Amino acid sequence: MLSVRINHFGSPSELQLEELPKPSVSRNEVLVKIHAAGINPGDVKNVAGTMLHTSLPRTPGRDFAGIMVEGSDSLLGKEVWGTGGDIGFIRDGTHAEYILLPQTAVCAKPSNLSMEHAGSIGVTYVTAWLCLNAVQLKADETVLVVGATGGVGSAAIQIAKWQGARVLGTVRRESDRHLARQSNPDVILNLDGELDKIVLVATNGEGVNVVVDTVGGAMVEPCLKSLSHRGRLVEISAPAKERRISFDAIDFYHRESRLIGVDSRSLDSSACAQILTTITPGFETDALHPIGELHSYPLQSVATAYEQVLNRRMSGRVLLTPQFG
C-alpha cells in the first residue's frame, strides 16, 4: 500500500511517499480502506516534531473515513469514520491507502455525510464535544465561542445549540460574518473593540456562563472578564509565542471563575469512536453540519497539501483522498 511517512522531523517537503506491506488483521482488529483523511494543524506540527510522544518512522494523520474491508462482521463492507489522539503519533495514521485499528476504534459514518466531510472533521467535533462536556453545559445557559469560523469553533456553536444553549460567536472581520452564520449562532460579535465590553452589552451586563476559547494567548483575560459569576472558561490552544498568560487573580477568585484545559490528544481512537457515535444523531438530523470548502489532494501531492495548512493559504478543510489519486 502507498503511505506517507515521517522518517525524520522537518518541513512538509521532507515527507516521503513509500510502498509498505498492507497490514495483516489480528483478532479484535479491523482494516479500513481510506477514502478521505483530513490534514489538521496538529498533523503539520507532528511532521515538524513539535508534538510529544511521536515515534519514528511514522505515518501521520488522525481523521479518516473509509470502507471496512477486513474485521468486524457488523461493519464489514460498511462506511466508517474515526479519529484519535494515538493515530499518527504512536500508531500509524490515516495518510495512507489503508489503516489498521482496534475494532472499537471505528463506528458507522453518518449516512448523510460524504466521505470527504466525515474524513476531515473528527478532531474538530471531538474537541468541541470535550469542551462542552468539560464545562457540564446546561440547556438554558449562554455560551460564547471565540473563533466562530474555525473548525472547533463552528463545531462548538452547533453542538451547544443542539444541547439547547444560547450561543454567541466572534469574528475578526465583517467579511467572515456570512461563514459564522452557517453555524447558526444566536448572536455574532465583531471583535472591533474590547471583547468583555462587547459581551456585556450583548448580554445586558450579565456576561456568559461558558466561554470556549479557541485562540488563547492574549484572549484569555478578556474571556475571563466576559464570564458571569461562577462562569467557566475552557482553553484548547496557545500561540507558540504566548504560552504564558497573566490575568487579574483577584477578579478571578471574586467571580469564582473556573479555568479548564482540554486536550483531545488524551483520548485514543476507541474513546473518540464513542464520542463520534454519540454525536452521529446530530448529523443525521442536520443539527450538526460541517461548514467551509473542501480541498482534496491525492497522496502524491501530500507536501503541497501540508503546505496549504501550514501557511493557511486557503479557508476550509484540506484532505487527502488516497483512493482517487
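Reader: How do helix H3 and helix H9 pack, and at what angle?
Author: Helix H3 (residues 122-134) packs with helix H9 (residues 269-284) at an angle of about 90°, and their axes are 10 Å apart; the axes are lines fitted to C-alpha atoms over the stretch in contact, with angles running from 0 to 180 degrees between N-to-C directions. That makes H3 roughly perpendicular to H9, a label that covers 65 to 115 degrees. Helices are DSSP runs of H or I with at least four residues, strands are runs of E with at least two, and both are numbered from the N terminus.

Reader: Which residues of H3 and H9 make the contact?
Author: From H3 come Tyr125, Val126, Trp129 and Leu130, while H9 brings Cys272, Ile275, Leu276, Thr278, Ile279 and Phe283, where contact means heavy atoms within 4.5 Å. By class, this contact has nine nonpolar residues, one polar and no charged; Ala, Val, Leu, Ile, Met, Phe, Trp, Tyr, Cys and Pro count as nonpolar, Asp, Glu, Lys and Arg as charged, and the others, Gly among them, as polar.

Reader: And what should I keep in mind about the model itself?
Author: This is a predicted model, in which local features need pLDDT of at least 70 and side-chain atom pairs count only at pLDDT 80 or more, whereas totals for chains, interfaces and linings use all residues. Residues are numbered from 1 along each chain as its sequence is written, and side-chain values use heavy atoms, with hydrogens and water left out.

Reader: Changing topic, how many salt bridges does the structure hold?
Author: The structure holds ten salt bridges, each being a side-chain nitrogen of Lys or Arg within 4 Å of a carboxyl oxygen of Asp or Glu. One of them joins the side chains of Arg5 and Asp92, at 3.1 Å from N to O. Arg5 lies in strand E1 (residues 2-5) and Asp92 in the loop between strand E5 (79-82) and strand E6 (98-102), so the pair ties together parts 87 residues apart in sequence.

Reader: Is Arg5 buried or exposed?
Author: Arg5 is buried, with a relative accessible area of 9%, whereas Asp92 counts as partly exposed at 30%; buried means under 20%, exposed over 50% and partly exposed in between, with a 1.4 Å probe and protein chains only. Arg5 and Asp92 are also linked with Arg58 in a network of salt bridges.

Reader: What about Glu141, which residue does it pair with?
Author: Glu141 forms a salt bridge with Arg232, their closest N and O atoms being 2.9 Å apart. Glu141 sits in the loop between H3 and strand E8 (142-146) and Arg232 in strand E12 (residues 227-235), 91 residues apart. Glu141 is buried at 8%, and Arg232 counts as buried at 11%.

Definitions and conventions: Angles under 35 degrees count as roughly parallel, over 145 as roughly antiparallel, 65 to 115 as roughly perpendicular and the rest as oblique.
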